[in-house]
Amino acid sequence: MSGRRAEHSEGAARAAPTCERGGLMSSALDATDVLVVGAGVAGLACARDLRAAGVSVRVVEAGDAVGGRMRSDRIGGFVVDRGFQVFNTAYPQVRRRFALKELRLRPFTPGFLVHTPTGRLNFSDPTRRPRTLPELLSGRLAGPRDLAALGLLSARDMLLPPGRLKRRPDTTARTAFADAGFSDAFVETFFRPFVSGVFLEDELETSARVFHLVWRSMLRGTICLPTDGIGAVPRALAAGLPEGAVRLETPAAGLTDDGVLTAGGQEIPARAVVVATGPGAVPALLPAVDLPDYRIVTTYYHVAPRSPLGEPTLLVDTRRRFLNTCVLSDVVPSYAPPGHTLVATSVLGRDGQGRERELRAALDEAYGTGTDDWDLLTVRTIEDALPAMPPPQPLTRTTRVSPGRYVCGDHRATASVQGALASGARAAREVLRDLHR
């Protein structure tokens, strides 16, 4: 079935045990202190913190499972995340909220591969893979000046207190690299292809302050994936809520003076409402909220008869024909059935006529192997994958919109799991402060 798209979804990988399906709620469940609209990680974190403080809370979610953008499906025995995502163990909110062993995390290689016109380069962290140090010092990857600049930048970001990084004057990442003394050639070979895949933009226009904080987290943590897919992360959050606290397939049509009106015409009264939906639903619920531009990304999932790489490593391209590609089943073998290989490749923008064919040619060259016998399993386009973060970028913003109305999500902090969780935590603090008044 080479070249054809074979998609037969088996639904969400697993449903959170605390969820119930939409429909009319009993009157005993209607009233609540706080109603959270949206069961992504920001909304679930908010609900967890409110519940821990003794406040009654319910979550309504339009979808058929928790997670928002962090969802995993099963298609023909393959685990398919809704867009390529990774999980960083160094984020403070991650360390606070998750028992990492329960997620059964599988790590990526600490580094990445770069496909260049003259061959493939292997940039690895020598502090974790000492055997790569000779190659780093050989001059093949970078000259002495760039290596010194990289070592200094990494040491500062890793060792300085986060507060010092947050107080730095903000510029674009491109300006920050120039100020740090990197050559243009090194920026184009190392930073630009890698950073493009992190922030989903290829002009290095993201806030330097955000870059330094993300770079710090990568140096201090491990980039990995849960064995059951990225959707295991929000499911773990939802599992900490009481049975029935999350109501699935219950889209909110609007806010009322007393709570939320569902698309089914039912009003759910609440003393406070927290809107934690994706950006597409925010304007209809809270028109006063200003939203940033969002990056669009499309991920192509191919099935190959064998791994074209043989290691759990990200591969990027200096020509930027794709953001990144990796063999997911090299990272987590259970992402693919036995005898099959799952390859994920992300590109900026939407799918279009002929784009997958052009991508195959780029992957053929980057992996150094033929792709004629690869099958296209599915394509995932995420319209609101990440908010744009040009400088000066605020690292956190209040979630209060008006009395009893709040909004949270990564667009109120930084475009990351850390930002979404932190925004949910801030919403809970502000709600509790106002309720106690």
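Strand 3 and strand 15 (residues 267–275) run parallel to each other, paired over 5 bridges; strands count as paired if DSSP finds at least two bridges between them. Here V36 sits opposite V274 of strand 15. This is a predicted model, where local features need pLDDT of at least 70 and side-chain atom pairs count only at pLDDT 80 or more, while totals for chains, interfaces and linings use all residues. Residues are numbered from 1 along each chain as its sequence is written, and side-chain values use heavy atoms, with hydrogens and water left out.

Strand 3 also pairs with strand 4 (residues 57–60), again in the parallel sense, over 4 bridges. In that pairing, V34 has V57 as its bridge partner in strand 4. To get from strand 3 to strand 4, the chain passes through helix 2 (residues 41–52), making a right-handed β-α-β crossover; right-handed means that, with the strands pointing away from the viewer, the path from the first strand over the helix to the second runs clockwise. Helices (H or I, at least four residues) and strands (E, at least two) are DSSP runs, numbered from the N terminus. Strand 3 (residues 32–37) is largely enclosed by the rest of the structure, because 5 of its 6 residues are buried. Buried means under 20% relative accessible area, exposed over 50%, and partly exposed in between (1.4 Å probe, protein chains only).

Now for the loops. R104, between helix 4 (100–103) and strand 8 (105–107), has a positive phi near 50 degrees without being a glycine. R104 is partly exposed at 43% relative accessible area.
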